Amino acid sequence: MTESPSAQPFPLGDSAFYEEEHEEFREVAREFVVRKVEPHYASWDAEHMMPRSLWTDAGEAGLLGLAVPEEYGGMGLTDYRFRAVLDEELVRRGALGAALAFHLNDDWVLPHLLAHGTEEQKERWLPRILTGELVTSVAWTEPGAGSDLRGVRTRAVRDREDWVLTGQKTFIGNGISGDAALVLARTDGRTDRAGEDSFSLFLVHKADSPGYEVGRQLDKMGVKASDTAELFFEDVRVPGSNLVGTQGGGLRQIQQLLPQGRLAIAVAAAAVARAALEETVRYTRDRTAFGSRVLDFQHSRFEVADLVVEVEATEAYVRRAVHAFNAGALDVVGASKAKYWASERAKAVTDRCLQLHGGYGYILEYPVAQAYLASRLLTIFGGTSEILRETIGRAVAEG
Ligand SMILES: Cc1cc2nc3c(=O)[nH]c(=O)nc-3n(C[C@H](O)[C@H](O)[C@H](O)COP(=O)(O)OP(=O)(O)OC[C@H]3O[C@@H](n4cnc5c(N)ncnc54)[C@H](O)[C@@H]3O)c2cc1C
């Protein structure tokens with residue numbers, strides 16, 4: 001018996017994963033993306049910058065700081081499926097840069113404030129994160145230290161109630177557009193090889209911090225709309241009340257909260273792979289060569305069959321990680337597996353999708369070319385694939 005072709009043979013909606021409330025949230029997210037993001041995204045990409053109104057509009061739509069508890073004005077939505085829905089809606093309309101900018105705020109900084117912030121810090125920062133008035137960055141990487149954060153040389157020295165911060169960071173997303181950076185700095189006063197207790201985290205505000213300078217904007221291959229910059233700190237006075245967590249606890253806090261950051265990238269990667277494939281199916285249905293549709297060549301059909309299975313398997317694997325996260329059971333190894341698998345799949349899937357587009361796949365105005373360039377980042381930031389394999393392999397070896 002032959003199967004009848006359906007309009008969408010690999011639908012996104014998975015009733016076993018998403019429930020009605022997620023689909024209602026999807027409507028809100030979609031409306032926001034269609035009205036406020038999609039029409040402008042190409043010009044933001046050309047300008048290498050997104051406007052601050054993106055953040056305040058997202059805040060107004062209730063799309064920022066989903067996990068912020070009600071007592072601070074939020075919705076307390078700790079179910080990660082809501083974050084996944086927002087990523088899917090942004091990515092399928094080509095706005096991965098916006099998704100990644102939101103990640104920095106919601107998946108990399110907010111978890112630290114929620115888990116380790118004092119009551120005073122939460123009252124000060126959380127309501128402004130919700131409205132998009134406070135846009136944050138993660139400032140860990142330095143020119144000499146990325147994978148190995150123990151090589152961080154930025155230092156903070158205690159001076160009565162304050163800390164004095166000196167150093168340099170690079171690759172900082174939202175570095176230009178953001179208001180405050182969660183800075184990893186050495187606080188043990190030593191210069192020899194750092195230990196686990198050598199670092200602390202500070203939320204450093206740009207506006208009221210003389211000596212906080214934004215350096216060059218880095219010209220990236222893809223996701224250009226999201227700004228990435230160098231930051232410099234020269235004797236920046238940081239109030240003691242901006243220490244997030246404990247003195248000397250910075251690396252442990254990062255390790256504890258890495259799962260959410262890596263899960264976010266895994267979710268986005270699965271969405272990138274799906275979006276590229278959907279676009280490729282559309283394209284190869286329309287494009288003809290030698291008198292037939294490109295999708296009707298047996299080779300194309302086999303390619304697409306492989307890709308559909310790859311995308312669905314990736315989604316299933318990532319969704320398992322989302323369930324584990326929701327149950328409080330996603331550890332660094334589990335998140336590393338999800339991020340490693342999904343980002344490598346996104347890279348491979350977009351490459352094969354580009355090939356199926358022929359020459360048009362190489363032209364930047366085609367979504368698949370953008371997806372290909374964007375996906376190249378996913379195996380690098382937030383832990384390179386090599387570091388993730390090291391984490392996974394070590395866990396297996398240590399049993
Ligand atoms: C566009 C972009 C945005 C970013 N955004 C941010 C941000 O917002 N905030 C932030 O703090 N950082 C950010 N980063 C930094 C990013 O997380 C680092 O680039 C990444 O962790 C790798 O560090 P590195 O570049 O120093 O590479 P290195 O650590 O120098 O690695 C170079 C190579 O060596 C490999 N390698 C390193 N150690 C090992 C090992 N032990 N075993 C095997 N192989 C190894 C790596 O996998 C890689 O292939 C961003 C990077 C990019 C490109």
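1. The UniProt annotation "domain: Acyl-CoA dehydrogenase/oxidase C-terminal", from an unreviewed entry, covers residues 248-396. UniProt positions are given in the numbering used here, feature names are shortened, and annotations may be inferred rather than shown by experiment. Over residues 248-396 the chain is 77% helix and 3% strand, with the end C-alpha atoms 29 Å apart. Helices (H or I, at least four residues) and strands (E, at least two) are DSSP runs, numbered from the N terminus.

2. This is a predicted model, in which local features need pLDDT of at least 70 and side-chain atom pairs count only at pLDDT 80 or more, while totals for chains, interfaces and linings use all residues. Residues are numbered from 1 along each chain as its sequence is written, and side-chain values use heavy atoms, with hydrogens and water left out.

3. UniProt also lists, in an unreviewed entry, "domain: Acyl-CoA dehydrogenase/oxidase N-terminal" for residues 20-133. That span is 73% helix and 0% strand, and its end C-alpha atoms lie 30 Å apart. For residues 138-236 the unreviewed entry gives "domain: Acyl-CoA oxidase/dehydrogenase middle". Residues 138-236 are 0% helix and 48% strand, and the end C-alpha atoms of this span lie 17 Å apart.

4. Next, the helix pairs. Two packed helices are described by the angle between their axes and the distance between the axes. Helix α8 (residues 332-356) packs with helix α9 (residues 367-378) at an angle of about 155°, and their axes are 9 Å apart. Because of that angle, α8 is roughly antiparallel to α9. Axes are lines fitted to C-alpha atoms, for helices over the stretch in contact, and angles run from 0 to 180 degrees between N-to-C directions. Angles under 35 degrees count as roughly parallel, over 145 as roughly antiparallel, 65 to 115 as roughly perpendicular and the rest as oblique.

5. The crossing of α8 past α9 is left-handed. A crossing is left-handed if the near helix is turned anticlockwise from the far one by less than a right angle, and right-handed if clockwise. On the α8 side, the residues that meet α9 are Lys-339, Ser-343, Ala-346, Lys-347, Thr-350, Asp-351, Cys-353 and Leu-354. On the α9 side they are Val-368, Ala-369, Ala-371, Tyr-372, Ser-375, Arg-376 and Leu-378. Contact means heavy atoms within 4.5 Å. The residues of this contact divide into eight nonpolar, three polar and four charged. Ala, Val, Leu, Ile, Met, Phe, Trp, Tyr, Cys and Pro count as nonpolar, Asp, Glu, Lys and Arg as charged, and the others, Gly among them, as polar.

6. The axes of α1 and α2 come within 11 Å and cross at roughly 170°. The two helices are therefore roughly antiparallel to each other. Phe-32, Lys-36, Val-37 and Trp-44 of α1 make the contact with Leu-54, Asp-57 and Ala-58 of α2. The contact residues here are five nonpolar, no polar and two charged.

7. The loop between α1 (20-47) and α2 (52-60) holds Pro-51. Pro-51 is partly exposed, with a relative accessible area of 27%. Buried means under 20% relative accessible area, exposed over 50%, and partly exposed in between (1.4 Å probe, protein chains only). The C-alpha atoms of Pro-51 and Ala-225 are separated by 9.6 Å, although these residues are 174 residues apart along the chain. His-48 is also placed in the loop between α1 and α2. The phi of His-48 is near 60°, a positive value in a residue other than glycine.

8. Glu-89 is in helix α3 (residues 80-91) and counts as buried, at 0% relative accessibility. Leaving aside neighbours within four places in sequence, Glu-89 is in contact with Arg-26, Ala-29, Arg-30 and Val-33.

9. Phe-171 lies in strand β3 (residues 162-173). It is not a glycine, yet Phe-171 has a positive phi of about 65°. At 57% relative accessibility, Phe-171 counts as exposed. Thr-228, in strand β7 (residues 228-239), is buried, with a relative accessible area of 9%. Not counting residues up to four places away in sequence, Thr-228 touches Phe-171, Ile-172, Gly-173, Arg-216, Gln-217, Leu-218 and Lys-220.

10. Ala-313 is found in helix α7 (residues 298-326) and counts as partly exposed, at 41% relative accessibility. Ala-313 and Ala-270 are 43 residues apart in sequence, and C-alpha to C-alpha they are 9.6 Å apart in space.
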